[in-house]
Amino acid sequence: LTFFGGIGAASKRGVLVKGSNYLEALNKVSVVVFDKTGTLTKGVFKVVDITVEFGFTKEQVLEYAAQAESYSNHPIAISLKNAYGKELEKARMTAMEEIPGYGLTAVYEGKKVYLGNARLMKERGIQFQEVHKSGSVIYIAVGGKYSGYIVISDKVKKDVKEMLVYLKKHCQAVTVMVTGDTQFTGKEVAEELELDYYYANQLPEDKVKRLEEFLDMQDDTECLAAVGDGINDAPVLARADVGIAMGALGSDAAIEAADIVLMDDEPLALVDAVRIAKETLKVIRQNTVYAVLIKIIVLG
């Protein structure tokens, strides 16, 4: 009955808990693994710079990028389409393939377009110059020729630091960020938030490996929580002792794989969930003591 009360209290604060055992597990969390984009950062991107190569114009590069992303609802895709600002002609794009952890390939007006991170350029044999800038760097190649890059900025959510301080103080939790972004961007965010560990340039399978490493270091009295929002985070959320998904920006796959869903994507909702879990276990212990004492008195 107390667990039902705890789950009900959490739902009133926009935290959906899929089972009482996850409330109990939250009390034992010793490591929290975070995704970056949409979890620690707002996930609302804005194009801040476009650099072109080999005779391409900024308008052409932005057009190819926006058209290639025309079928995607990823926050980065939305920012590219907003920056382009024109109607997308999907009929002129004959093929599109998303490659998790790399980017995507598309055929637009008969030309092969590669759009993604440095790994995609290297994997497809495109000659390019890797750059290190604040924000997410999206490289683009058209017709097998490197065309330039687009820099997209994102900001840390305002209450993230307060959430991390609470987890470290009240749960003595180790905080870890695992992101597919570049080493430069990952280090910048990790240092700003004073995280204990961070791992950059991580593919979905790499994220699971990092999670497994921390799971192997735990004992039976400890639990690991993973927090994410994207389809790339779904395997991590499913493998963690407690998977926590961002419900507003989160993908269906992440929400399905998670054990707890934060409906408004606010970092402090995680603090509410931990507080409710601790209070629920406190009430359960009290109920147990009172019940045993009453039975002893009645038997006496």
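Methionine 96 has alanine 106, in β5, as its bridge partner. The strands β4 and β5 (residues 103-108) run antiparallel and are joined by 6 bridges. Two strands count as paired if DSSP finds at least two bridges between them. Strands (E, at least two residues) and helices (H or I, at least four) are DSSP runs, numbered from the N terminus.

The model is predicted: local features need pLDDT of at least 70 and side-chain atom pairs count only at pLDDT 80 or more, while totals for chains, interfaces and linings use all residues. Residues are numbered from 1 along each chain as its sequence is written, and side-chain values use heavy atoms, leaving out hydrogens and water.

**The sheet**

β4 and β5 belong to an open sheet of 6 strands, in the order β3-β8-β7-β6-β5-β4, with antiparallel pairing. β3 (46-52) and β4 (93-99) each have a single partner strand, so one side of each has no neighbour in the sheet. Strands in a sheet pair through backbone hydrogen bonds.

**Helix α4**

Helix α4 (residues 75-84) has the buried residues Ile76, Ala77, Ser79, Leu80, Lys81 and Tyr84. Buried means under 20% relative accessible area, exposed over 50%, and partly exposed in between (1.4 Å probe, protein chains only). The cover over these residues includes β3, α3 (58-68), β6 (111-116), β7 (136-142) and β8 (145-153). After α4 comes glycine 85, with a positive phi near 70°.

**Nonpolar cores**

A nonpolar core is a set of buried Ala, Val, Leu, Ile, Met, Phe, Trp, Tyr and Cys residues joined through side-chain atoms within 4.5 Å. The largest has 39 residues, and those with the most contacts inside it are Leu26, Phe34, Met163, Leu167, Ile244 and Ile260. Helix α11 (residues 267-299) gives the largest share of this core, 7 residues. Another core, of 24 residues, lies apart from it; Ile50, Leu80, Ile138 and Ile150 are among its members.

Contact means heavy atoms within 4.5 Å. Not counting residues up to four places away in sequence, isoleucine 244 touches Leu26, Ala225, Ala226, Val227, Gly228, Leu237, Ala258, Ile260, Leu262 and Leu270.

**Cysteines**

The whole structure has 0 disulfides, a disulfide being a pair of cysteine sulfur atoms within 2.5 Å. For cysteine 171, the nearest cysteine sulfur is that of cysteine 223, 11 Å away. Neither cysteine 171 nor cysteine 223 is in a disulfide.

| Residue | Relative accessible area |
|---|---|
| Cysteine 171 | 11%, buried |
| Cysteine 223 | 8%, buried |
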